[in-house]
Amino acid sequence: MNAKTNAIITLCLFSTVHGFSMGNNNHGRSPSFLRAFEGTVVVCTGPTCSRTGGKGALKFFEELAPESTTVETMKCVSECAECGLGPNVELRKKGDDGPFYPIKNRVKSAEDVKKILEIE
C-alpha cells in the first residue's frame, strides 16, 4: 500500500471509532474495506411515528437492508420519550448487548436509511 492509501484507511478507522462522518467523497462507491450495518434495525410503528413517516421508513429499510440486517417493528422504540422526534429507529448492532440501544430520529428518506445501513 502507498502512503495515501494508508492515510485514508487510518482516517476512516479513526472517524468510525470516534463517530465522525467522512462524507460522500467516493463518487457513489463504498470503499471495499467498509461493510454495511450488521444487526437489527427496529422501526417504530407507533401512532406518532407512523403519522410522521415511519411506514415509509419501514418500506425503505425492507427494500434496502442487506442480508446482514434484520428489519423489525415495534409500537414504540423509546417508550414515548422521543415521539416528537420521529420517525424513530433503534439500532442493535451485531455484538452489542442491550437493554439500551442507540435510537436515530427523523428517519424519513431513502438517503437517511442508506446512511444508517452504511451502504452509501
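Colleague: How many helices and strands are there in the chain?

Modeller: The chain has 4 helices and 4 strands. This is a predicted model. Read from the N terminus, the elements run α-β-α-α-β-β-β-α.

Colleague: How much of the chain counts as buried?

Modeller: Of the 120 residues, 28% are buried. Buried here stands for under 20% relative accessible area.

Colleague: What share of the contacts with a separation of 6 or more comes from residues 24 or more positions apart?

Modeller: Such residues account for 64% of those contacts.

Colleague: What makes a set of residues a nonpolar core, and which residues make up the largest one?

Modeller: The members must be buried, of the listed nonpolar types, and joined through side-chain atoms within 4.5 Å. The largest core has 12 residues: Phe37, Val41, Val43, Ala57, Leu58, Phe61, Val89, Leu91, Val107, Val113, Ile116 and Leu117. Strand S1 (39-44), helix H3 (54-64), strand S3 (89-93) and helix H4 (110-117) each give two or more residues to this core.

Colleague: Which residues does Ile116 touch, leaving out those up to four places away in sequence?

Modeller: Ile116 touches Phe37, Phe61, Leu91, Lys104 and Val107. Among them, Phe37, Phe61, Leu91 and Val107 are also members of the largest core.

Colleague: Why is the pair Arg92 and Glu90 called a salt bridge?

Modeller: The cut-off is 4 Å between a side-chain nitrogen of Lys or Arg and a carboxyl oxygen of Asp or Glu. The N to O distance for Arg92 and Glu90 is 2.6 Å, so the pair qualifies. Side chains of opposite charge can pair when their charged atoms come close. Glu72 joins Glu90 and Arg92 in a network of salt bridges.

Colleague: How many salt bridges does a search of the whole structure find?

Modeller: The search finds 4 salt bridges. One of them joins Lys93 and Glu118, with the closest N and O atoms 3.5 Å apart. That pair links distant parts of the chain, as Lys93 lies in strand S3 and Glu118 in the segment after H4, 25 residues apart. Lys93, at 39% relative accessible area, is partly exposed, and so is Glu118 at 36%.

Colleague: What makes Lys114 and Glu111 a salt bridge, and where do they lie?

Modeller: The closest N and O atoms of Lys114 and Glu111 are 3.7 Å apart. That value is within 4 Å, so the pair is called a salt bridge. Both residues lie in helix H4, 3 residues apart, which is about one turn of the helix. Glu111 is partly exposed, at 46% relative accessibility.

Colleague: Which residues line the second largest pocket, and what is its volume?

Modeller: The second largest pocket has a volume of about 170 Å³. Its lining consists of Met74, Val77, Ser78, Glu79, Glu90, Arg92, Pro99, Phe100, Tyr101 and Ile103. These residues divide into 6 nonpolar, 1 polar and 3 charged. Glu90 and Arg92, from the salt bridge above, are among the lining residues.

Colleague: What kind of peptide bond joins Gly98 and Pro99?

Modeller: The bond from Gly98 to Pro99 is cis, with omega near 15 degrees. Pro99 lies in the loop between S3 and strand S4 (103-104). A cis peptide bond also joins Gly86 and Pro87, where omega is about 0 degrees. Pro87 is in the loop between S2 and S3.

Colleague: Where is Ala65, and how far is Ala65 from Glu118?

Modeller: Ala65 is in the loop between H3 and strand S2 (69-74). Ala65 touches Val71 and Leu117, not counting residues up to four places away in sequence.

How values were computed
Residues numbered from 1 in each chain as written. Predicted model: local features only at pLDDT ≥ 70, side-chain atom pairs only at ≥ 80, totals over all residues. Heavy atoms only, no water. Buried < 20%, exposed > 50% of the residue type's maximum accessible area, 1.4 Å probe, protein only. Contact = heavy atoms within 4.5 Å. 1 Å grid on protein atoms, 1.4 Å probe; cavity = no way out; pocket = protein on both sides within 12 Å on 5 of 7 lines; lining within 4 Å. Points joined across faces, edges and corners; volume = space filled by probe spheres on them. Nonpolar A, V, L, I, M, F, W, Y, C, P; charged D, E, K, R; others polar.
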